[in-house]
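Welcome, and thanks for taking a look at this one. Below is a short tour, written for someone meeting the structure for the first time.

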Amino acid sequence: MSKSKELEDRLEQLTLSCMKCGNCQPVCPVFREIGEEGASPRGRVRLIRGAASGELELSARYQELIGKCINCRACAEECPSGLEPNIAILNARQQMILEKGLPTVKRLIFRRAMRARRMFPASAKLMGMLQRATLIGNPRSPARLALPVMGMPIDKAIPYFALKSFLDRVPAINPVEHPKYRVAYFVGCSANLLYPEIGEAVVGLLNHFGAEVIIPKDQMCCGTPIFNAGDFEGGAYFAKHNLRVFSELDVDAIVTACGSCGLTLRQEWRDLLGIDVPEEFSAKVLDFTEFLASIGATGFTRQDSRVTYHDSCHLARGMGVRSQPRELLAAIPGTEFIEMAEADKCCGGGGAFSLYHPELSRQVGARKAENAAGTRADVVVTGCPSCVMQLRETLARQGSAQSVQHTACVLWDAVRDQNLVPNASE
Amino acid sequence: MEAKLLSRLQEIVGAEYVLTAKEDLICYGYDAQHVEHIPEAVVRPADAEQVARLVLFANEESIPLTPRGAGTGLSGGSVAVQGGVVLDLGRMNRILYIDRENLLATVEPGVVTADLHSAVEAVGLMYPPDPASMNVSTIGGNVAENAGGLRAIKYGVTKDYLMALEGVTPTGEFFKAGAATMKSVSGYDLARLMCGSEGTLGIFTKIVVKLIPLPKDRRAVLASFNTLADASRAVSGIISAGIMPATLEIMDNVTIRAVEDFKKLGLPIDAGALLLLEVDGATAQVEEEVAEAISVIQAHGASNVQAASDAEERDRIWEGRRVSLAALTRVRPTTVLEDATVPRSRLAEMASEIEAIAARYSLTIGTFGHAGDGNLHPTILTDERNEEEMARVQQAVKDIFDAALRLGGTVSGEHGIGFSKADFLPLEMGPGAMGMMRAIKAALDPKNILNPGKVFEQE
């Protein structure tokens, strides 16, 4: 059977049992903003079925509607027939790429730049230098005039690339005296290139609670942004590479601090990309809060603060991690935990989604920012670097004084002073 | 559609709110029944003024206009069976006012039913109609279809809560119907006429509904029976004992197995049927009615009966009912869901008829539904890609309607006639009533602009 025929059959299977009840609509953050049937999961499922049967061409409008999905998985959670519209949509994007080819820019990034293990961090560093030189993070920088040319709003919040990536900062083995556990840390691109402080906090925490942390230096992107764009083959390259690198390690757990990375390692390599991932590998993949909760991490230093928590879609609906970060945060003495309304609704970030659809991303984010503001918390905590980026932008746009922190950074702050010997992070 | 006409539509609602791409039109070609008709354009007006201008335009150009809420209907009411323009009222979705002194809510038609529920429950009030699609469906659509729901046995259906409305006539004039007073006998009851008119007599732009105080307590009971007929007789027993549960639902063995396969709730898969009921009201009254209901159920030969001990158990019981249709849809690719309704005393006979029809046409039919109000949902599990089987399905549907009518029932309890039941309506109504309805339609909509092809069978 040809590849495209096989895919068409899969697309039909993924959409066949839709009974068009519409239960996916009220939970879809994109439909809630746009209100058009075609921008709802039910509509997309119908369109995908049309494309699979040959009723529809893969037109520009088709691509636009299929593109306007953040992959937040809310529809899949709600679907009474057990469909996963988000998975159908990713497969539909794959169909577009198989038929139309990968656009040149994406081809260069996914197939070349991101595979260059030395050049990729180096170009991020170069980018970071350029960003600092042009002061592009400053709202008044003339360099911002370049943003609309790249399809981004001129007032977009721009996080700086780190001048030294996380993987260049830390040793491959981060030992502790009398280790109780041995864990590997899968860093992910955001923590590696944009927010190395998240990675440092994760290592600090794991060390603090008695885990020796192995950080393979040849790990790469998990593949999420690549298969999210429909390039399954490109995504599989990274999956296979990382699987090889991490399978060799003799560790108790493979820890992530990003919902998307964690979900991808644990589930999507196998279920979405069809890669032969051993069950014992998947079972080892844990969000760092799952790991900390499982070892009964406690004994935090007092932090007087009011915090609220935003569930990353892939952490909550993907990995099922909801209670652990909340319980860990609430265990910090002096920290008041306030639940926000619609805590597990998408923030609109979605990784590259916010670059492809900046306006829509902002509209979705505005609602999240309102809910966060409603808690009057000092700090909005979340477990995914992509959400950190989005929340910082949307909260700032609403003039909010709330700060946004990754769960790891908040927890690390609450044990950091107990570590007399300066950690690898210093 | 011609460019000249499209540009007129764009002038009225703004270019952004006129959809014409094939992809968009396909998405407005369906509802929750399985026959599709693709419109020529979709417009998404912002207010009553735009709605009126669109209706005037449609009259001038003789273009069919099909109003649509959320497209969750089960009889094709919002599907543009004769093409033309679909009028999506989803943008008009504000809750305008909750009047706690008069127990009224004023809303725009695009308000999602469940959103109205949450808004009024937040102030201790209740809007009782609860169609199963309420998380998605709109109040406008509910009024147009006179939607029912689980609580109909005690609280009635949408028409019992519709007080007044504003709208646009099929010829483009504004009108008001009903009154915001508890009593009003002024003129013909146009609000009642509009309720259940399926978008054929007017488009609603503002709706006033009645609210009631939220009951303080509620309790669920689950009972299993050896046969569907036994369970149906227990329903009659409960009603004639003067017990008035808020909901009284039934599930047959096919449904129980599908649900258990789906959710593993611990339902008894060998039971011929389950009854699920919930009593609400003041706590003491709830206790009393639960005890009475249990003794009536036992007297009717239930093999097991239990009251939910806590909210968690209650939710588990209702989860089973809530996912019934979904569970059935997992069994086969296509489901054909009917809503023929009989007098409550004839429920057992109707249940047996459905079982006989399933056997006659070698079809799998899962039956669940609102036993308390005589409204069963026989659900035929099939595959729309299999023409031969679909032909048997059509026969079975016809036999179900015939059986319901023979038992003194109605072809549609709550889903409406739309186009999917239009051929069967005359069997129930007879020529006299059909003639009156056609005369009303012709008088109000001489050019047959609003939702043509619905309610009346096509020549």
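In chain B, strand E17 (residues 364-370) and E18(B) pair in the antiparallel sense over seven bridges; strands pair if DSSP finds at least two bridges between them. Helices (H or I, at least four residues) and strands (E, at least two) are DSSP runs, numbered from the N terminus. This is a predicted model, in which local features need pLDDT of at least 70 and side-chain atom pairs count only at pLDDT 80 or more, while totals for chains, interfaces and linings use all residues. Residues are numbered from 1 along each chain as its sequence is written, and chains are lettered from A and ligands numbered from 1 in the order in which they are written.

**Around strand E18 of chain B**

- Gly369(B) stands opposite Leu376(B) in E18(B).
- Four residues lie between the strands in the hairpin of E17(B) and E18(B), where Gly374(B) takes a positive phi near 75°.
- E18(B) also pairs in the antiparallel sense with strand E16 (residues 334-337) of chain B, over four bridges, and there Thr335(B) has Leu381(B) as its bridge partner.
- Strand E18 (residues 375-382) of chain B is mostly covered, with eight of its eight residues buried; a residue is buried if 20 or more other C-beta atoms, placed from the backbone, lie within 10 Å of its own, exposed if 12 or fewer, and partly exposed in between.
- In a regular strand the side chains alternate between the two faces of the sheet.
- On one side of E18(B), the buried residues are Asn375(B), His377(B), Thr379(B) and Leu381(B), and on the other they are Leu376(B), Pro378(B), Ile380(B) and Thr382(B).

**Chain B as a whole**

- Chain B has 15 helices and 18 strands.
- Its radius of gyration is 22 Å, close to the 23 Å that the globule rule gives for 459 residues, so chain B is as compact as a globular protein of that length. The radius is taken over C-alpha atoms, and the rule is 2.2 Å times the number of residues to the power 0.38.
- Buried residues make up 53% of the 459 residues in chain B.
- An automatic or database domain assignment divides chain B into domain 1 (3-88), domain 2 (95-213), domain 3 (217-326) and domain 4 (329-406).
- The C-alpha centres of domain 1 and domain 4 of chain B lie 32 Å apart.

**An open sheet in chain B**

- Four strands form an open sheet in the order E1-E2-E4-E3 (chain B), with mixed pairing.
- Strand E1 (18-19) and strand E3 (65-68) of chain B stand at the edges with a single partner strand each, so one side of each is left without a neighbour in the sheet.
- E1(B) and strand E2 (residues 41-43) of chain B pair in the antiparallel sense over two bridges, and Leu19(B) stands opposite Val42(B) in E2(B).

**An open sheet in chain A**

- Here the order is E7-E6-E8-E9 (chain A), an open sheet of four strands with parallel pairing.
- The edge strands are strand E7 (335-337) and strand E9 (403-406) of chain A, each pairing on one side only.
- Strand E6 (residues 305-310) and strand E8 (residues 379-382) of chain A run parallel and are joined by four bridges; Val307(A) stands opposite Val379(A) in E8(A).

**Where the chains meet**

- The contact takes 25 residues from chain A and 25 residues from chain B; residues are in contact if their C-beta atoms, placed from the backbone, lie within 7 Å.
- H3(A) gives the most to the side of chain A that touches chain B, with four residues.

Key
Two residues are in contact if their C-beta atoms, placed from the backbone, lie within 7 Å.
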